[in-house]
Amino acid sequence: MQIMKRSGGIALLATGLAAAIGLTAGMANAADKVVMAVPTFLTGAGAPAFGVPARNGAEVIIEAINKGTLPAPYDKSGKGLAGRQIQAVIYDESGGGVKQVAEFRNKVQKQGVDLFVGYISSGTCAAITPVAEELKMLTIFPICGTPRIFEEINTNPKYVFRTMGHATADGVAEAHYVKANMADVKGYTGINQNYAWGQDSWRDFDLAMKQLMPSVPASDKAQWPKIFSGQYGAEISALMLSKEPLVHSSLWGGDLEAFIFQGSARGLFRKKKLLFSVADTSVYRLGKKVPTGVILGARGPYGIFAANVDTPLNNWFRKVYIDRYSVPPVGGSYQAAQGVLAAKFAYDKAAAANGGKFPSKDQVIAALEGATYQGIAAEVHMNRSNGHQAATIHQIGILEWDKDAGEPIMTNVTTFPADCVMPPPGVNGTEWLKGGMKGAKC
Amino acid sequence: MLTLIAILVDGLIYSSYLFMVAVGLTVIFGVMKILNVTHGSFYAFGAYMSATLVGIYYQTDLPEFGGFLVIFGAALIVGVFFGVILERGLLRFLYHRDEHIIVLATFAMFLVLEDVLLMIWGTDPYYATEPMGLLGFIDIEVLSYDVYRLSFIALAVVVGLGLWLGLTRTKWGKVLLAVIFDREISQAMGVNVTVVFLVTFVIGSILGALGGAYIAPTISVSPGIGVEVIVLAFAVVVIGGMGSIPGAMIGSLLVGISRAAAVHQFPEIELFVIYAIMAAVLAFRPEGLFAPAQARKI
């Protein structure tokens, strides 16, 4: 018995030593790499529409960066970020702001993460922003849409960046599109989820419409279903009874799909013109189930809008993505990839300015602030909010079904310059809308 | 007038949906005094199983309306499988423990089953819209209603009536009522409470799964649907009185009609209505509208 105890003690000691050696080796290994945390929805309702496509997009780009196989304009930039391989830590964003803040601190303080590229929910981004600044952690938000990040929560960011336009751009582009294509529209109503994203989307579209088409009345009975409610019977009846012919909706994911199924079964899409601001997340998945003729956006030039962008980078991205995942990349895939590319661009640029040596965090931040870099589908201009907020072109079009190709396509697409749909630098989006969108260059 | 009709029809459809997702929860609580959080998983598994089997069914040349049998079959498979496994494998070891421990155990199982669901079906959504398309729609002036969603009302009536007849007109129902009234005396009188608990739990599980299976053709069956439903089901059960089937019916009607009225007249408060009703009921009748009387033992 005594011998067994001693053996057990030795085994325990050996295990401890092995673990310690392994840990030391791991840390030494990590010093040669850039540890990139990629939080995204891997479970829950946000996973199918945004989370998993975002993870897939990030994985494709990270792998190519590490192998040095990115096409032009990144084909001469070598492997990794400034020569160091990316060690990606992909984890689940589910659980809400409090949990994510705790996880953020854990990743920074205990796991030695060098930068974050992720977060999809506007709520999570809002919770993370002050913590990232407090911990001085380089954090790139590639997807979340609320304008409040740099307009209210932190108006003078140093460590937080967002690499796509915010929700104001969606509303303005949609209103411009309606004005150009439905000049005689008699009124508009909406169905948007009753939380930050839905409320912001409707507010910005409504404010933009009031400026661009002041004589067109908005309904006072726009619908506000609970997020993830899944049942829209009463809302569809209310929309059918409303006299406004145009319906604005920023529903996404399962909510959008349930609304489409229930609305189609009742003929809603024959009676009303629908404008979906983020429906690109579902068009490939649903195929012919999506009603054709609806006005559709993808929060920028992403997903289905990028299907025919003929550049080496986009052609390569779509091919690798489709070969690997058997579905075309959607908005979230493009946006996440665009966020990772921002890191690639910034690290390489900072290293070049540092005489080829690996750059410090401050040098990386300085390299990204105010820069213009090539995203997968379009150029990204980091020229808002002290160079921390991106602006890109925006596109809106009509969804149709291509019988020959057997897939959905966008028709009658209008491309809006970034300076047409995003508020000018230093200007609050809501104030800009209320003030008549002064300085917009359309 | 048309708005009034819309409120009534929409309210009845939504009430039926609420009743279908809440009745299994209330049956289990009524007999076993277990607040079964796993109910959300039964709903989700029912929906996934239904979407999967219906999808497979419509790839064959079998008669189109057979898809409805597949929906009920899916609910039966899920309900019996999980009902038996959970009751025999977990709950029976906890009956002598505090009620709070049992709630926590069912919550733990709910979390486990959410991950099992992801392991089986992944994160991609599943669709099974074919049965909804089969039944067509009815026009009431500018309003159109699809018959499939109208059939929620018929299903809720059949389920409610079936439970009521089963409880009040059968020997088995009377045994069940005896257990509800006093578990210990029933046992002393020779009632096999173990079997009653197992059968009740399986019935509750089937009802939970049926809610998910029947609603599946109208939604995108995707991760997280069980979480949303369990919150709604709890609200309805609390309003009606925990363990009361008529309470679940009245609670569903109250919430369904009020919500429909809010959507048509004051859409901004739609989210608020269900919880406002719950708060009002709890303020004036903390035990719910139709909570069965509790005998106090001395």
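Chain B contains 12 helices and two strands; helices (H or I, at least four residues) and strands (E, at least two) are DSSP runs, numbered from the N terminus. This is a predicted model, in which local features need pLDDT of at least 70 and side-chain atom pairs count only at pLDDT 80 or more, while totals for chains, interfaces and linings use all residues. Residues are numbered from 1 along each chain as its sequence is written, and chains are lettered from A and ligands numbered from 1 in the order in which they are written.

**Chain B as a whole**

Along the sequence, the elements of chain B follow the pattern α-α-α-α-α-β-β-α-α-α-α-α-α-α. The C-alpha trace of chain B spans about 60 × 45 × 35 Å along its principal axes. A compact globule of 298 residues would have a radius of gyration near 19 Å, and the 19 Å of chain B agrees with this. The radius is taken over C-alpha atoms, and the globule rule is 2.2 Å times the number of residues to the power 0.38.

Of the 298 residues of chain B, 50% count as buried. A residue is buried if 20 or more other C-beta atoms lie within 10 Å of its own, exposed if 12 or fewer, and partly exposed in between, with C-beta atoms placed from the backbone.

**Helices of chain B**

| Helix | Residues in helix | Span, first to last C-alpha | Expected span |
|---|---|---|---|
| α9(B) | 23 residues | 33 Å | 33 Å |
| α3(B) | 24 residues | 34 Å | 34 Å |

In α9(B), 18 of the 23 residues are buried, so this helix is largely enclosed by the rest of the structure. The axes of α1 (residues 2–32) and α9 (residues 193–215) of chain B come within 8 Å and cross at roughly 170 degrees. Axes are lines fitted to C-alpha atoms, for helices over the stretch in contact, and angles run from 0 to 180 degrees between N-to-C directions. The crossing makes α1(B) roughly antiparallel to α9(B); angles under 35 degrees count as roughly parallel, over 145 as roughly antiparallel, 65 to 115 as roughly perpendicular and the rest as oblique.

The buried residues of α3(B) include B:Val70, B:Ile71, B:Phe82 and B:Leu86. Among the elements that cover the buried residues of α3(B) are α2 (39–57), α4 (99–121) and α9 of chain B.

**The contact between the chains**

Chain A gives 33 residues to the contact and chain B gives 38 residues; two residues are in contact if their C-beta atoms, placed from the backbone, lie within 7 Å. On the side of chain A that touches chain B, the largest share, seven residues, comes from α8(A).

**Local features of chain A**

A:Met382 lies in strand β11 (residues 379–384) of chain A and counts as buried, with 23 C-beta neighbours inside 10 Å. The C-alpha atoms of A:Met382 and A:Gly165 are separated by 9.7 Å, although these residues are 217 residues apart along the chain.

Most residues other than glycine have a negative phi, and most peptide bonds are trans. The peptide bond from A:Ala72 to A:Pro73, however, is cis, with omega near 10 degrees. A:Lys136 has a positive phi of about 55 degrees and is exposed, with 12 other C-beta atoms within 10 Å. A:Phe228 also has a positive phi, near 65 degrees, but this residue counts as buried, with 21 C-beta neighbours inside 10 Å.

Definitions and conventions. Expected span 1.5 Å × (residues − 1).
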